[in-house]
Amino acid sequence: MLIHASALLFASITVASKPAAILDTLLDVGSYHLHLVVYRGTKPVTIVLESGGGATLDGWSGVDTALARRTGATVVAYDRAGFGRSETGPADLTPQEQVRQLDDALVRLGTPPARIVVGHSYGGVMAVLQAHLDPVKVRGLVLVDPMNARFVAATGDFVYSTVPRIEHPATRRDSALVRMVAGFDALIHDPVASDSGLHVPMVVLTAGELWWGKPGIDRAWRAAHEAMVREAPDRRLVIVEGSKHQIPERRPDAIVSAVVSLMSRHAP
């Protein structure tokens, strides 16, 4: 299913006036401390926000509070290891281990087990990984202009030419970027990072404005998102008009609408 999301359409979304209770915490997950911000809700659902590669939870500013107010669910934004206020953790820390540590943190914080995971860019791969590793808890995915295995396969070495090359890491963020880049190839070729064969309701938001600056790459980006939704009947594609890649900043309303639609159909 293909939908165009215009600003006019989503201007009618209303939000509740009561703010959620907020917990800002550093939690020991074994080998480092993980920074999480939790907006406690009343609905039996947790919305988990997965940031893009190298980004922090600040990238969800405005989206997190809008989701909490609009849905009544518990909303969790966090900094992956080495980014924002989270400690770096071991040099060999894998995305799979990070997903398991996040799950443990969410359980310890007493968040509702039923989850909708929202992932932007690289965070889309992490969201898919969560769904594969914990299919009972993850009830839906909202993938926001997501990086994905189909695009990498279609464009050869292109993605690898765009990643940062840091020979001498000087900061926690540098070290985390080096680890992320080093592990990307193994992650993107791991079946648990692919949407193929994944049985979970999904909304894919794709940028309405071209942003790669290379016609062939832009076509491959959109084609990959279109292929993702053709994989299973319970998926739909939303073209987010008026935005390039930074949909959380430019069109947070489109993300809120996608989450609301999943909650109305699939969440408890």
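Predicted model: local features only at pLDDT ≥ 70, side-chain atom pairs only at ≥ 80, totals over all residues.
## The model as a whole

One stretch calls for some care: over residues 7–17 the pLDDT stays under 50. For that stretch the model has 15 contacts beyond four places in sequence.

The protein holds ten helices and nine strands. Its C-alpha trace spans about 50 × 45 × 30 Å along the principal axes. The radius of gyration is 17 Å, which agrees with the value near 18 Å that a compact globule of 268 residues would have. Of the 268 residues, 53% count as buried. The exposed surface comes to about 11500 Å², and carbon and sulfur atoms supply 56% of it.

## Helix α3 and the glycine after it

Helix α3 (95–108) has 14 residues and reaches 20 Å from its first C-alpha to its last, close to the 20 Å expected at 1.5 Å a residue. Its buried residues are P95, Q96, Q98, V99, Q101, L102, A105 and L106. An α-helix has 3.6 residues a turn, so residues three or four places apart point the same way. That is a handy pattern to keep in mind while you look along the helix.

Just after α3 comes G110, with a positive phi of about 75 degrees.

## Helix α7, with a bend

Helix α7 covers residues 172–188, 17 residues in total. From first C-alpha to last it reaches 24 Å, close to the 24 Å expected at 1.5 Å a residue. Even so, α7 bends by about 35 degrees at A182.

Which residues of α7 are buried? They are D174, A176, L177, R179, M180, F184, L187 and I188. These buried residues pack against four other helices: α3, α4 (122–133), α5 (149–155) and α6 (158–162).

Helix α8 spans residues 215–230 and has 16 residues. Its reach, first C-alpha to last, is 23 Å, close to the 22 Å expected at 1.5 Å a residue. Buried in α8 are I217, D218, A220, W221, A224, H225, A227, M228 and V229.

The partners of these buried residues include strands as well as helices. The strands are β7 (138–144), β8 (202–207) and β9 (235–240), and the helices are α5 and α6. Both α5 and α6 also receive the buried residues of α7.

S121 counts as buried because its relative accessibility is 16%, and the cut-off for buried is under 20%.

D145 lies in another loop, the one between β7 and α5. Phi of D145 is near 45 degrees, again a positive value in a residue other than glycine. With a relative accessible area of 0%, D145 is buried.

Is R165 buried or exposed? R165, placed in the loop between α6 and α7, has a relative accessible area of 61%, so it is exposed. Leaving aside neighbours within four places in sequence, R165 is in contact with Y160 and V181. The C-alpha atoms of R165 and S175 are ten residues apart along the chain and separated by 11 Å.

V200 lies in the loop between α7 and β8. This residue is buried, with a relative accessible area of 9%. Beyond its neighbours within four places in sequence, V200 is in contact with A131, V138, R139, G140, L141, D234 and R235. Take R235 from that list: V200 and R235 are 35 residues apart in sequence, and their C-alpha atoms are 8.3 Å apart in space.

Methods:
Residues numbered from 1 in each chain as written. Heavy atoms only, no water. Helix = DSSP H or I, 4+ residues; strand = E, 2+ residues; numbered from the N terminus. Expected span 1.5 Å × (residues − 1). Bend = angle between axes of the 7 residues up to and from the residue. Buried < 20%, exposed > 50% of the residue type's maximum accessible area, 1.4 Å probe, protein only. Contact = heavy atoms within 4.5 Å. Rg over C-alpha atoms; globule rule 2.2 N^0.38 Å. Areas by Shrake-Rupley, 256 points an atom, 1.4 Å probe, with all protein chains shown as cover. pLDDT = per-residue confidence, 0-100.
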